Amino acid sequence: MAGRKKGGRGEEKPVGESRHADAPESGFLQGLQTYGDRDFSIYMRRAFAKSQGFSGEELVRPVIGIAYTHSRYNPCHRHFPELLEAVKRGVASAGGLALEFPTISLHESTLAPNSMKFRNLMAMDTEEMIRAQPMDAVVLMGGCDKTVPAQLMAAASAGRPAIQLIGGPQMTSRYKDDRVGACTDCRKFWTRFRAGQMDAREIDAVESRLVTTAGTCAVMGTASTMAAIAEALGMTLPGTAAIPAVHADRLRASEATGAEAVRLARQTKLTPDRIITAQSIENALRVLLALGGSTNGVIHLAAIAGRLGIKLDLKRLNELSDTTPVLAAVKPVGSEFYMEDFFAAGGIGAVMRELKPLLHLDCRTVSGETLGTRLAVLDGAYVDRRVIKSAAAPHEPQGGLVALFGSLAPDGCIIKRSAASPELFEREGRAVVFSSLEDMAARIDDPALDVTKDDFLVLQNAGPRAPHGMPEAGFLPIPKKLLAAGVKDMVRISDARMSGTAYGTIVLHVAPEAAAGGPIGLVRSGDRIRLSVAKRSIDLHVDAKELAKRKAAAEKAKGAEPALRGYEKLFRTSVLQAPDGCDFDFLRKV
């Protein structure tokens with residue numbers, strides 16, 4: 001027909017007429033490029049979309065972005081291509097258009113100096129891509145430790161409807177008579193090797209058995225802790241946090257998540273700020289404490305909360321810890337069970353049902369229902385009490401984490417008491433100080449090191465503003481000569497972090513850190529430190545005049561700041577301390 005053209009929905013429009021004067025600020029035509037001609041922007045976008053084979057009918061559907069973190073550098077996410085196809089099936093079945101987009105992907109063992117340093121970069125990448133690209137809702141595909149918090153931080157700031165999809169934990173393997181899984185067992189066997197109880201051939205054999213499936217660490221480490229936190233916040237579909245990576249239910253959860261994202265876009269339009277509230281943050285803290293979860297969970301939750309202007313108060317953490325029992329007997333807290341057992345035992349839902357009297361049940365979840373309604377559906381469901389204890393007969397009567405304050409940590413620090421040795425909770429000890437990671441590596445196994453089992457090992461300059469960017473170095477190795485003598489634990493203190501898979505009487509996240517002028521940087525070998533978990537205190541027994549003298553000497557000896565560029569400069573100049581989640585100061589809501 002001369003003088004007429006087909007519109008995107010099959011309708012005919014005259015050539016030259018404004019074809020999209022009423023184009024919606026949603027779907028594929030939202031957030032147009034600024035060419036100065038709106039119709040031309042629409043015309044260009046649709047032209048390039050059609051080059052991918054999309055029809056006009058597809059382009060008017062709700063658009064579901066999928067933040068896709070598959071990477072050959074990230075073995076925890078190697079099953080994501082299959083999960084992606086399941087998500088896209090779910091989106092299509094619900095009438096949406098699924099468009100995956102790549103973002104930074106972070107893995108613990110393949111990033112230097114550590115993955116935490118790049119969490120904020122991933123959060124910025126994800127946030128900006130959610131904002132910049134046309135999508136009505138987004139599915140956040142994450143799993144490995146820093147990917148889930150980075151995505152939740154991003155979603156909280158981006159303000160678009162979002163739903164988290166967890167990649168899931170590995171299944172366990174076997175080494176001789178041992179059932180094994182990363183990465184608590186990694187540390188167990190490595191400690192045996194360092195103590196001379198295993199030879200090189202044996203440790204090589206173990207190395208090939210520790211990680212044998214896709215997925216995140218098989219224990220209640222940081223990845224599984226953050227998965228639990230995502231579900232406790234209400235940002236995932238119920239029951240999906242703990243499904244093993246290679247389980248068929250993980251595919252079904254992916255498909256259901258895709259379909260739910262379309263419903264989010266069409267009906268509720270729930271944005272993360274209406275789900276992640278001060279009350280849901282407290283719910284997540286309760287779950288973290290009840291799991292004896294990773295200490296990293298405190299930092300990540302503080303960062304997520306900070307994106308919405310919510311302060312995570314460490315003193316409030318202690319109040320919650322005093323009234324929250326540890327219910328999950330999953331490594332590293334327990335000695336027998338893994339995440340696949342936790343899933344089969346009832347998962348996060350079983351834990352939260354036990355905590356119901358302590359939770360804010362009116363919090364809204366991503367599916368639109370309240371937490372109370374979500375949990376009520378599961379009343380009477382099977383629970384394996386070997387793995388998930390009842391509130392009446394808990395694994396431990398109080399929460400797994402405690403914040404300590406005192407002259408060594410004026411702004412606080414964290415100890416994971418559920419994975420520590422109670423006989424070391426009330427102690428005074430002599431400090432054996434390592435000024436850096438390099439200093440520790442050089443001297444920790446020196447036979448001449450002046451150290452006994454009753455001393456406190458102290459690592460300085462390993463916080464967020466230090467050169468290594470707060471690595472998981474807080475699990476200071478016990479000196480070889482003490483290991484050989486049978487020492488299994490001792491008090492270790494640092495401004496670093498610790499893997500959620502680790503264990504021991506370890507004080508972490510000391511704030512302010514040494515690099516920010518904190519008192520931990522003024523400790524010298526031979527000083528006395530007093531630790532009291534009961535009093536929630538940690539104090540350096542050095543008088544104020546001596547500390548002032550040391551501080552002045554340190555300032556005088558300080559050399560010129562190194563020349564920095566790029567992300568390193570951004571990180572070192574903008575990162576906040578651990579109690580504020582180590583986010584960048586300019587990304588928090590003020």
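**Terms and their grounds**

Reply: The model is predicted. Its largest nonpolar core has 114 residues, and those with the most contacts inside it are V139, M141, L233, L291 and F342. Helix α9 (residues 278-291) provides the largest share of this core, eight residues. A second, separate core of 28 residues includes L408, F456, V507 and I520.

Me: What makes L291 touch its partners, and which residues are they, not counting those up to four places away in sequence?

Reply: Contact requires heavy atoms within 4.5 Å. L291 touches M220, A228, A328, V333, F342, I348 and V351, therefore each of these has a heavy atom within 4.5 Å of one in L291.

Me: Why are E202, I203 and V206 of helix α6 called buried?

Reply: The term applies under 20% relative accessible area. E202, I203 and V206 are the buried residues of α6 (residues 200-207), so each falls under that cut-off. What covers them includes β7 (173-175) and α5 (184-194).

Me: What makes the approach of D199 to R201 a polar contact?

Reply: The limit for a pair of N or O atoms is 3.5 Å. At the start of α6, a side-chain oxygen of D199 comes to within 3.2 Å of the backbone nitrogen of R201, so the pair meets the distance limit.

Terms used:
Residues numbered from 1 in each chain as written. Predicted model: local features only at pLDDT ≥ 70, side-chain atom pairs only at ≥ 80, totals over all residues. Heavy atoms only, no water. Buried < 20%, exposed > 50% of the residue type's maximum accessible area, 1.4 Å probe, protein only. Helix = DSSP H or I, 4+ residues; strand = E, 2+ residues; numbered from the N terminus. Polar contact = N/O pair within 3.5 Å; in protein donor to acceptor, adjacent residues only side chain to side chain. Core = buried A, V, L, I, M, F, W, Y, C linked by side-chain atoms within 4.5 Å.
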